[in-house]
Amino acid sequence: MRKAETAAYATRTLRCMLAACVPMLAAAAPAANTSAPAANTAAGSAATRYTLDAAHSTLEYQFVQAGARNKGLFHKFAVTLSFSPSALPQSRLEVVVETASLDTGDQDRDDTMRSADLLDVAQYPQARFSATSITRTAAGYDAAGKLTIRGVTRVAHVPFTFRSSEQQGRSVGYLAGKLLLHRLDFGIGQGEWKSTDGVGNEVTVSYALQLLPAR
Amino acid sequence: MRIRNTTARWGAFAQLLHWLIVLLIITQVILANIALDLPVGVRKIAMFARHKSVGLTILALAVIRVAWRWMNPTPVLPDTLRPYERTLAHLTHVALYLLLFAMPLTGWMMTSARGFAVSWFGLFQLPDFVPRDKALYEAMRQTHDTLALVLGATVCLHIVASVKHHFVLKDDVLRRMLPTKETH
């Protein structure tokens, strides 16, 4: 390569990089969790009603971008749980996620994920899971129900483990698990994003929730 | 042509590494420029992924190159060089070697700090070099950009010097990095 070309390329590289990175200077939205009021469903007296301790709960996701596993999380989500291992028929689980609260640590990427071709948060501000039955499994529990993301509702089985412990005189619940989803099942990826070359179809959602008994 | 270096000329393996890295650096400049011009999308991700994979390849080749240089004789500079030319030649070469490491390392730090994991051509994933950190990302991006300009300038100096050796001084400094017949 001639030196004039090299110099021109180098100068151009710097200019392009600066231009491309200006939008990234904007700070990420501050973390603020919300928790829903306790379930008011027809839970039996044997199932304990819980509210989310948002400060000690995480809802994360992993996806493959350009061959590498990348992580993100949702800052805002509400969980309504009525649960008791001994009263599974009366147990209920509902999760509502504010899709715009997604955060992968990069403003450009987050804005792209919020756009119409991906999560389309303007049109579909919430993703929702409503369990219709909770059953025991070898590893823990299975919440079967309807999962709605980007306006598409599909039957989903959300696996989780649950344990509770006494802390300062009250019972604190811990719910955790992982769910494998395929983003294209929910239309997350229109246009060129239907391709799974750059961003894989599989998305692993991980949840670790701390729950406090509802008063 | 010998595989190993002699004090008179570079061996085949050193030449292969030199010219392979030249090609990869040119590829890097092109990939970076294409990627930066693209709107956010699948193609931009793919271009940057290639840029990162090629960068990691250069880093690995740089390690091999330094090791090979250390295990081999180094061709000596012609006696006709003035002391300042000798010093300039050494400084240029040291700078080029340092940049072969600094460019990929700052790039890797930049992408890790931004929270983008890196894979090598999708075959395996590298660990995050540094934790996610916006300020560090900005610092590394500026360093990577600046070093790209420094690399461009240093390469120019390197090319001008080799051309001067070949056409003005008429010595074999350029020829001994080319797969030509040995003249002596």
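From the N terminus on, the elements of chain A follow the order α-β-β-β-β-β-β-α-β-β-β-β-β, which amounts to two helices and eleven strands. Helices here are DSSP runs of H or I with at least four residues, strands are runs of E with at least two, and both are numbered from the N terminus. The structure is a predicted model, in which local features need a pLDDT of at least 70 and side-chain atom pairs count only at pLDDT 80 or more, while totals for chains, interfaces and linings use all residues. Residues are numbered from 1 along each chain as its sequence is written, and chains are lettered from A and ligands numbered from 1 in the order in which they are written.

A word on confidence comes first. The model scores ipTM 0.75 and pTM 0.78. For single residues there is pLDDT, the predictor's confidence in each residue, from 0 to 100. Chain A has a mean pLDDT of 83, with 79% of its residues at 70 or more. Over residues 13–44 of chain A the pLDDT is below 50, and this stretch has 60 contacts in the model beyond near neighbours in sequence. A contact means that the C-beta atoms of two residues, placed from the backbone, lie within 7 Å. In chain B the average pLDDT is 94, and 98% of the residues score at least 70. Confidence in chain B is lowest in strand E2 (residues 124–125), at a mean of 93, and highest in helix H1 (residues 12–37), at 97.

Chain B contains four helices and two strands, arranged along the sequence as α-α-α-β-β-α. Its C-alpha atoms fill a box of roughly 55 × 30 × 25 Å along the principal axes. Burial is judged by counting other C-beta atoms, placed from the backbone, within 10 Å of a residue's own: 20 or more make it buried, 12 or fewer exposed, and anything in between partly exposed. By this count, 28% of the 184 residues in chain B are buried, and in chain A the share is 31% of 215 residues. Among contacts with a separation of 6 or more, residues 24 or more positions apart account for 64% in chain B and for 59% in chain A.

Buried residues in H2(B) include Ile45(B), Phe48(B), Val54(B), Ile58(B), Ala62(B) and Arg65(B). An α-helix has 3.6 residues a turn, so residues three or four places apart point the same way. The cover over the buried residues of H2(B) includes strand E2 (58–65) of chain A, together with H1, helix H3 (83–113) and strand E1 (119–120) of chain B.

Lys44(B) also belongs to helix H2 of chain B. This lysine is partly exposed because 19 other C-beta atoms lie within 10 Å. Neighbours within four places in sequence aside, Lys44(B) is in contact with Ala35(B), Leu38(B) and Pro39(B). Pro83(B), 39 residues away along the chain, has its C-alpha atom 48 Å from that of Lys44(B).

E2(A) and E3(A) pair in the antiparallel sense over six bridges, where pairing requires DSSP to find at least two bridges between two strands. Gln65(A) has Ala68(A) in E3(A) as its bridge partner. E3(A) in turn pairs with strand E6 (residues 102–103) of chain A, in the antiparallel sense over two bridges. There, Leu102(A) in E6(A) is the bridge partner of Phe74(A).

Two loops of chain A hold a backbone detail of interest. Most residues other than glycine have a negative phi. Ala66(A), although not a glycine, has a positive phi of about 50 degrees. This alanine sits in the loop between E2 and strand E3 (68–74) of chain A, in a hairpin with two residues between the strands. Ala66(A) is buried, since 25 other C-beta atoms lie within 10 Å. Arg150(A) likewise has a positive phi, near 55 degrees, and lies in the loop between strand E8 (141–149) and strand E9 (152–167) of chain A. With 20 C-beta neighbours inside 10 Å, Arg150(A) counts as buried.
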